Amino acid sequence: MANSHIATRLVVFDWAGTTIDFGSRAPAAAFAEVFAANGVSVTDLEARGPMGLNKREHLIAMLNDPSIAERWEKRYGRSWTEEDVDRMYDSFVPVQLEAIQRHAGLVPGLLDVVKELRQQGIKIVGTTGYFDAAAHAVLQSACQAGYVPDANLCADDVPQGRPAPWMIYRAMEATGVFPASSVVKVGDTVADIQAGVAAGCWSIGVCDSSSLVGLSERQFQSLSTAEQVDRVDQAAEAFRNAGAHATIRSLCDLPGLIQRISNATTAEPHVLDGRAVLA
């Protein structure tokens, strides 16, 4: 790679837990509800474990969890089948759409962040593990609240969802932006980070609103400062372990981080090695 500065030209955002739905509550609630309807209880942590994946793959990952699989066999006297997955996914779709309506609020500071990025000529794309109807629902709700990305892509648009990089590549194609070093991927799950790394772009984890922290804004703000720091640090460590170039406490810290990225040289990617939360 040439030793030169490359300005950021595209930011690829995730949706739930990153730009909307502080705490990524809609997906977790929907999975928990579907399992409960099938007589198997799951914890919030278990529902969040595979977050970021295509939602059908998320469902399968939960069923493959040894503890959940044990509860399933105790309930039904057999292992789960593809027919079970099909049936549960069919019932999951309307539950997810309803949950989105309850948890579609923008993450605090998003509109100011987007305004600042656009003033710098940076394009913005939304990507998600949601299926097409859910992706359309979150986009419609966000547009009504004033957040209008240049393009919106979901797991149904590509051969394989995250952690594969295909949605990021489609975002680059849709906006005409390359090389990957001029792209910043921002997400709140390990799968987001892995997709960014796989795409060869800057991969950034946002902590406070993330699925890894898993709290609503009100719940997070009710924590003591020490508790907030601990939760953020835990999420940041998970992102770094997944290969994140850096982490940010909240989305409001993104413009400052992007300035650092734009000032970095392509020969020195270690300048943002993610060893500390950037806040």
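Residues are numbered from 1 along each chain as its sequence is written, and side-chain values use heavy atoms, with hydrogens and water left out. As the model is predicted, local features need pLDDT of at least 70 and side-chain atom pairs count only at pLDDT 80 or more, whereas totals for chains, interfaces and linings use all residues.

We can begin with a loop. Asp21 is found between strand E1 (10-14) and helix H1 (25-37); helices (H or I, at least four residues) and strands (E, at least two) are DSSP runs, numbered from the N terminus. Asp21 is buried, with a relative accessible area of 1%, where buried means under 20% relative accessible area, exposed over 50% and partly exposed in between (1.4 Å probe, protein chains only). Leaving aside residues up to four places away in sequence, Asp21 touches Ala16, Ala26, Pro27, His103, Gly105 and Ser209, contact being heavy atoms within 4.5 Å. A polar atom of the Asp21 side chain also lies 3.0 Å from the backbone nitrogen of Arg25. Ser24 lies in the loop between E1 and H1, and is buried with a relative accessible area of 1%. Phi is positive at Asp21, near 55°, and at Ser24, near 50°. For comparison, most residues other than glycine have a negative phi, and most peptide bonds are trans.

Cis peptide bonds come next. One joins Arg162 and Pro163, with omega about 15°; Pro163 is found in the loop between strand E3 (151-154) and helix H8 (166-175). Another joins Phe178 and Pro179, with omega about 5°, and Pro179 is found in the loop between H8 and strand E4 (183-187).

Helix H3 (residues 55-64) has Lys55, His58, Leu59, Met62 and Leu63 as its buried residues. Seen down the axis of H3, these fall within an arc of 135°, so they line one face of the helix; the arc is that of the directions from the helix axis to the C-beta atoms. Their cover includes H1, helix H2 (44-48), helix H4 (66-76) and helix H5 (82-102).

Finally, the axes of helix H6 (residues 110-119) and helix H12 (residues 254-263) come within 9 Å and cross at roughly 30°. That makes H6 roughly parallel to H12, since angles under 35 degrees count as roughly parallel, over 145 as roughly antiparallel, 65 to 115 as roughly perpendicular and the rest as oblique. Axes are lines fitted to C-alpha atoms, for helices over the stretch in contact, and angles run from 0 to 180 degrees between N-to-C directions. Here Val113, Glu116 and Leu117 in H6 meet Leu254, Pro255 and Ile258 in H12.

Definitions and conventions
A polar contact is a pair of N or O atoms within 3.5 Å; within protein, one must be able to donate a hydrogen and the other to accept it, and residues adjacent in sequence count only if both atoms are side-chain atoms.
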